[in-house]
Amino acid sequence: METNLQSIGTWWMWLSFFAIVIVMLFIDLFLVGGGKRHRVSFKEAASWSIVWVSVSFLFAAGLWWYLDSAFTRELANTKTLEFITGYLIEKSLAIDNVFVWLMIFSYFAIPLELQKRVLIYGVFGAIIMRTIMIFAGVWLISQFHWILYLFGAFLLFTGVKMLRGNDEEPDLDNNRMIRWLRSKMRVTSSLDGERFFVVKEGLRYATPLFFVLVLVEFSDIIFAVDSIPAIFAITTDPFILLTSNIFAILGLRAMYFLVANMADRFSLLQYGLALVLIFIGTKMLLLDIYKIPIAVSLAVVGLLIGGSVVLSLLKNRRDESKSSDQ
């Protein structure tokens, strides 16, 4: 396999990308909902999810137009397909992260109107962590090509494990990080608005919301370890790697509130995500034997995720029909 890691990104392309990210973050953090504490409705979450996806595909269209006019149609098609495929893979795998967030917020009984601040930090943390991991991964692959096989084996193992242990849920009562934090810090017995820390009788206490923040940030790291290797199966271009990944997580907060309102309707989605990891892991292990075309990868990922959503809806309809007949 060719390990040329040269990027199509020029200085002005990187600058333009970071400018778009800053503007989108400003809109997401300060304009959506007016930056105020409030309960995000399904309609609001759906509307902003459409906005973020549309911006991402507009970026893809702009990338294709520039590459087509400045270089060749073949390069434009290849790089744009790489971006879209990487974006859909990262967006799909982010859904698994969202389900974990739901479980964390539910366990600590955090009202929806108090979840916004934690999610803001979660998105920031995800952007920083993934940027570091992507550039670290690019450097490692440029030095040690065989690491791609480790990534592939890891993804294959993770996908099989997810498929076999799909119904298992993390046990927060025995979570080592939570137990360690409780042994090192004073903790209040109840929430205090959006505060992470409060002072009582001259002593500083952490609130349960702080524990939620720690778990959310920790889950970002865990899922980045799963998702970052997946995109290296599609491309090793640093510009495509970072842009597709960051665009996928920019709208993560809106997607969270969207999924939070309909999580129970997609009971089979986890299986689709597991199969995506198995496919990508297999693709990486076969890189030097047979390179699966990017268009095929895009179609397979779309089919697995779309199929699991459709099957979930059909299963719900069948279950509802059985319930009404009884």
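## Two neighbouring helices

Let's start with helix H2 (residues 42-70) and helix H3 (residues 73-107), which pack at an angle of about 160° with their axes 8 Å apart. Axes here are lines fitted to C-alpha atoms, for helices over the stretch in contact, with angles running from 0 to 180 degrees between N-to-C directions. That angle makes H2 roughly antiparallel to H3 (the term applies to angles over 145 degrees). Their crossing is right-handed, meaning that the near helix is turned clockwise from the far one by less than a right angle. Helices are DSSP runs of H or I with at least four residues, numbered from the N terminus.

This is a predicted model, in which local features need pLDDT of at least 70, side-chain atom pairs count only at pLDDT 80 or more, and totals for chains, interfaces and linings use all residues. Residues are numbered from 1 along each chain as its sequence is written, and side-chain values use heavy atoms, with hydrogens and water left out.

## Where H2 meets H3

On the H2 side, the contact (heavy atoms within 4.5 Å) includes Trp52, Phe57, Phe59 and Trp64, while the H3 side includes Leu75, Phe83, Ile84 and Tyr87. The residues of this contact divide into 13 nonpolar, three polar and three charged. Here Ala, Val, Leu, Ile, Met, Phe, Trp, Tyr, Cys and Pro count as nonpolar, Asp, Glu, Lys and Arg as charged, and the others, Gly among them, as polar.

The structure holds five salt bridges, each a side-chain nitrogen of Lys or Arg within 4 Å of a carboxyl oxygen of Asp or Glu. One of them joins Lys79 to Asp237, with the closest N and O atoms 3.3 Å apart. Lys79 lies in helix H3 and Asp237 in the loop between helix H7 (208-231) and helix H8 (238-250), so the pair ties together parts that are 158 residues apart in sequence. Lys79 is buried at 13% relative accessible area, and Asp237 is buried too, at 2% (buried means under 20%, exposed over 50% and partly exposed in between, with a 1.4 Å probe and protein chains only). Glu82 joins Lys79 and Asp237 in a network of salt bridges.

Glu90 pairs with Arg130, again with closest N and O atoms 3.3 Å apart. Glu90 lies in H3 and Arg130 in helix H4 (residues 115-143), so this pair links parts 40 residues apart in sequence. Both Glu90 and Arg130 are buried.

## A partly exposed pair

Asp192 and Arg195 also meet in a salt bridge, at 3.8 Å from N to O. Asp192 is partly exposed at 33% relative accessibility, and Arg195 is partly exposed at 49%.

Note on methods:
Angles under 35 degrees count as roughly parallel, over 145 as roughly antiparallel, 65 to 115 as roughly perpendicular and the rest as oblique.
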